Amino acid sequence: MVVFAQALLIARSAVPRAKHTLRAASSGRQLCADAATAESLAVLGVLPMNGAAPYVAGGRWRSTPNTFAVTDPATDDVLAQVADCGPQEAEAAIQDAQNAFESWARTPARTRSDALRAWHDAILAHAEPLATVATAECGKPLAEARAEVAYAASFVEWFAEEAPRVAGEVKSNVAQDRRLLTVRQPVGVAAAITPWNFPLAMITRKVAPAIAAGCPVVVKPSEYTPLTALALARLADGLLPPGVLNVIPASRQNAQPVGEVLCDSDVVRALSFTGSTAVGKWLYSRCASTVKKLGLELGGNAPMIVLKSADLDTAVRAAMASKYRYGGQTCVCADRFLVHEAVVDAFVERLAAEASALKLGHGLDAGTGIGPLIDEAATFKCQERVKGAVRAGGRVVCGGNKPPGPGSFFEPTVVRDVAIDSELWQLETFGPVAGVAAFSDDAEAVRLANEGPAGLAAYVCGELGHAWAVAERLDFGIVGVNEGAVSHAAMPFGGTKESGLGREGGNHGIDEYLEDKYLCLGGLDM
Ligand SMILES: NC(=O)c1ccc[n+]([C@@H]2O[C@H](COP(=O)([O-])OP(=O)(O)OC[C@H]3O[C@@H](n4cnc5c(N)ncnc54)[C@H](O)[C@@H]3O)[C@@H](O)[C@H]2O)c1
Ligand SMILES: O=CCCC(=O)O
């Protein structure tokens with residue numbers, strides 16, 4: 001640990017942030033993190049083992065012969081080399097989790113709750129380094145990363161509180177000579193496959209309810225954000241028994257082989273996935289052979305309807321909060337803006353003014369409103385979607401381009417008069433591009449909003465009674481009414497149609513990790 005921290009301090013360059021470099025012993029590649037990131041990695045104990053960050057299984061931190069690189073999407077610098085877990089490590093981690101299962105399942109709920117509460121406190125006590133590492137890996141502005149730490153911790157707190165409240169039911173008088181009741185028991189080992197866009201919260205939203213329910217977990221984090229995942233696990237060191245939380249980072253090449261092991265294992269009884277719809281569908285079919293419980297949180301393509309009765313200050317605030325959070329790289333971000341023809345000009349003008357005022361930059365730089373997208377492919381996708389929309393008659397009101405220089409940046413963009421059959425309208429863009437189309441009556445807006453396979457989030461802005469009536473007709477799992485920031489640990493998160501299966505958070509988030517066992521007590525002499 002100390003060696004790495006010292007090595008990071010050897011070389012510095014003044015611009016743009018002080019860079020600390022070292023050569024990874026495992027690969028010989030030069031690693032380069034800015035000072036704040038290097039210090040945060042050191043504070044969090046996510047330090048190289050033989051020059052690469054380790055993985056954790058069975059309570060032991062281990063290295064692998066193979067490693068993969070994690071880059072800063074704003075600078076393209078390699079931040080670290082990380083253990084690249086394959087099928088063998090996945091099998092072993094499942095076994096470690098299984099070894100922990102019996103004891104953790106029998107541990108009193110209050111003890112599980114206390115352990116989660118201690119983890120929650122440790123996360124908050126390390127909020128700043130966690131936020132810094134998350135920003136370095138995924139590029140979101142530091143203020144958003146700080147908010148994500150609080151959001152991630154809120155799931156741990158919520159499920160610490162839920163653990164002792166798990167209760168079965170008793171039917172006391174439905175049969176003469178019998179009593180009927182249920183107990184709720186942990187399903188067994190759980191697996192979680194998580195994305196890069198919320199590298200903390202997408203892990204805690206799965207892991208906290210699993211651990212609360214009594215299920216040890218194997219987490220396969222995104223290849224873009226393994227350091228944040230490992231930091232979370234480090235903070236749980238000593239708080240959870242060995243094998244209860246296992247984190248196996250893997251490169252993109254190993255994602256599918258590891259996924260196959262997790263799906264095919266009959267020890268893994270629940271699999272929870274957040275990510276793209278394409279991968280979700282593949283996991284759904286792959287899990288058929290073991291008929292395990294499956295939670296899928298998949299892609300969105302959220303509509304925002306701005307009614308004629310909308311207050312435009314409220315609507316623009318909601319649009320900014322939803323569309324441009326993390327540069328549009330959230331599954332619930334508004335993509336398709338349906339705006340009443342009477343207010344569309346004013347709405348577009350104000351939205352474009354606010355969007356173009358957002359400063360592009362490194363997430364760790366003060367004043368940054370939008371960081372980089374996750375990679376070059378993401379910027380290319382945005383560029384192609386904008387070009388396609390323009391070919392079909394759309395007009396770019398602001399942005400529309402990748403700025404010159406390093407990093408996968410894309411300008412905050414508003415395109416109006418977007419054709420309904422364009423890709424910008426039909427497909428989730430996952431970038432800072434707002435597509436706007438006008439409508440003339442509410443029924444048409446509802447029909448267009450409900451079209452297509454996505455059913456995660458939708459938004460409606462308007463006078464409350466008016467907006468409510470529209471909200472009830474929207475076929476989505478989550479609807480924001482005059483509000484663009486909808487996520488909360490206390491409420492169920494999930495989608496209809498191809499946006500997924502099941503709900504995370506809220507009163508039912510723990511259900512994914514529990515089985516209801518019916519016990520029939522016979523032979524009563526009543
Ligand atoms: N509904 C939600 O709650 C939610 C939240 C965040 C992101 N998302 C969606 O996720 C997508 C973006 O995230 P992403 O690019 O990380 O998605 P992705 O599907 O490419 O990757 C998600 C995770 O799956 C892993 N993976 C990829 N291929 C796999 C395979 N064949 N087998 C097993 N694992 C595999 C990746 O390594 C990563 O850990 C968007 O579509 C977004 O809407 C949804
Ligand atoms: O990107 C998806 C998750 C977003 C959220 O939980 O607010």
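Predicted model: local features only at pLDDT ≥ 70, side-chain atom pairs only at ≥ 80, totals over all residues.
View 1. The surrounding residues are N197, F198, A201, T330, C331, V332, S487 and F493. Five residues of this shell are nonpolar and three are polar. Charged residues are absent from the shell around ligand 2.

**View 2. Ligand 1 between the domains.** Ligand 1 lies between domain 1 (52-297) and domain 2 (302-489), because both give residues to its shell. There are 26 residues around ligand 1. G259, G275, E297, G299 and C331 come nearest. By class, the shell holds 11 nonpolar, 11 polar and four charged residues.

**View 3. Helices at ligand 1.** Two helices, helix 9 (252-264) and helix 10 (277-286), each contribute at least two residues to the shell around ligand 1. Helix 9 contributes the most, with three residues.

View 4. The unreviewed UniProt entry lists E297 under "active site". E297 belongs to strand 13, which covers residues 293-297. With 27 other C-beta atoms within 10 Å, E297 is buried, because the cut-off is 20 or more. Beyond its neighbours within four places in sequence, E297 contacts T274, G494, G500 and E504. E297 is also among the residues that come nearest to ligand 1.

**View 5. C331 at both ligands.** C331 is one of the residues that surround ligand 2. C331 is also listed with G259, G275, E297 and G299 as coming nearest to ligand 1.

Definitions and conventions. Residues numbered from 1 in each chain as written. Chains lettered and ligands numbered in written order. UniProt positions renumbered as here; feature names shortened; annotations may be inferred. Helix = DSSP H or I, 4+ residues; strand = E, 2+ residues; numbered from the N terminus. Buried ≥ 20, exposed ≤ 12 C-beta atoms within 10 Å, placed from the backbone. Contact = placed C-beta atoms within 7 Å. Near = placed C-beta within 6 Å. Nonpolar A, V, L, I, M, F, W, Y, C, P; charged D, E, K, R; others polar. Domains from an automatic or database assignment.
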